[in-house]
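Visitor: I am new to reading structures. Please walk me through a few helices.

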Amino acid sequence: MAWASSNKQIIYSGIQPTGVVHLGNYLGALSNWVHLQTDYSCIYCIVDLHALTVRMDSAEFSKKCRETFAMLIAVGIDPARSILYMQSQVAAHSELAWILNCYTYMGELNRMTQYKEKSQKNEDNINAGLFTYPVLQAADILLYKTNFVPIGEDQRQHLELSRDVAERFNNVHGGVFVVPDILIPRIGARIKSLQDPEKKMSKSDKGGEGSIVYLTDEPDVIRSKIKKAVTDSDSKVSYSSDKPGVSNLLDIYAAVKRISIEETLAALGSCSYGALKEAVAEAAVAALEPIKQRYAAALSNKIQLESTMRTNAGRAQAIASGTMIQVRNKLGLL
């Protein structure tokens, strides 16, 4: 594992290839990925195999995978310093997932709350992949001797399963896997929907496209969306739970400016709502424009993008192969 500095522990995290990333994704999670590169040896995976539990057009899926890869580079993931790769390009993920299936109990998978939630959303396609999804996730993590996985509460149950399966295998065959710990991520900005600020910003928001700022939006589109953002009937700019719309705008401004809410209120507390929205819009435009330019440049150079994919998949494969040699030897596979 020559890529990993001897005094740095290993971080592993993955993201589904949804294509265009929105402001909530970036400020809530991806900006933290960028910061983690300073103190850890980071492996970041675009989990395209996980995405197959939902039916989709293959050409559109390929496009989204490339777009997601390019966007991660654009926001600041350095594929020379970290390992950034496509899950399906490292065959060891699927091999280890099958093996770990044999060390995972049905009762454990039956308890997974995400399986129940996803089954309700996909009643016409409740496939086995939805059920065994956490086992592939465990394989993703355990292949790379991961020390820490930065996750939110919604993924804690899956990581606990990964820990249980790792310990079970180690107890039977002797130590192979590092048992990963949860890394409580630096609290990112919890960006809410512009049209329903009681809910997080999400592509599934019923408020439509006006609820979401995408990192690829043109400046005038960003300004228009923020201008139409929900506030309240009051006219005072303050940060409180009874003013979710105004508080959301203040969160956006603070996050893109990288300042505290206190500093934000000092700058904008005396503004009218119109002036507040204008200031937030201009701050968002200024922060996102360099990302948009880097994203366009990465996507336009298809040869370079795919070369980076291959190189990083090779780096990931080299680590994963070492783990699989140990696993196969322990199992007596020829």
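Guide: Start with burial. Buried means under 20% relative accessible area, exposed over 50%, partly exposed in between (1.4 Å probe, protein chains only). Helices are DSSP runs (H or I, at least four residues), numbered from the N terminus. This is a predicted model: local features need pLDDT of at least 70, side-chain atom pairs count only at pLDDT 80 or more, and totals for chains, interfaces and linings use all residues. Residues are numbered from 1 along each chain as its sequence is written, and side-chain values use heavy atoms, leaving out hydrogens and water.

Visitor: Which residues are buried in helix α8?

Guide: P219, I222, K225 and I226 are buried in α8, residues 219-227. They sit on the same side of α8, because they cover an arc of only 130° around the axis. That arc is taken from the directions from the helix axis to the C-beta atoms. On the other side, D220 and K227 are exposed.

Visitor: What do the buried residues of α8 pack against?

Guide: Think of contact as heavy atoms within 4.5 Å. The buried residues of α8 pack against α9 (244-257) and α11 (273-300).

Visitor: Where is H158 found, and is H158 buried or exposed?

Guide: H158 is found in helix α7, residues 156-173. H158 is buried, with a relative accessible area of 3%.

Visitor: Which residues is H158 in contact with?

Guide: Leave aside its neighbours within four places in sequence. H158 is then in contact with M112, Q114, Y133, P134 and Q137.

Key
Helices (H or I, at least four residues) and strands (E, at least two) are DSSP runs, numbered from the N terminus.
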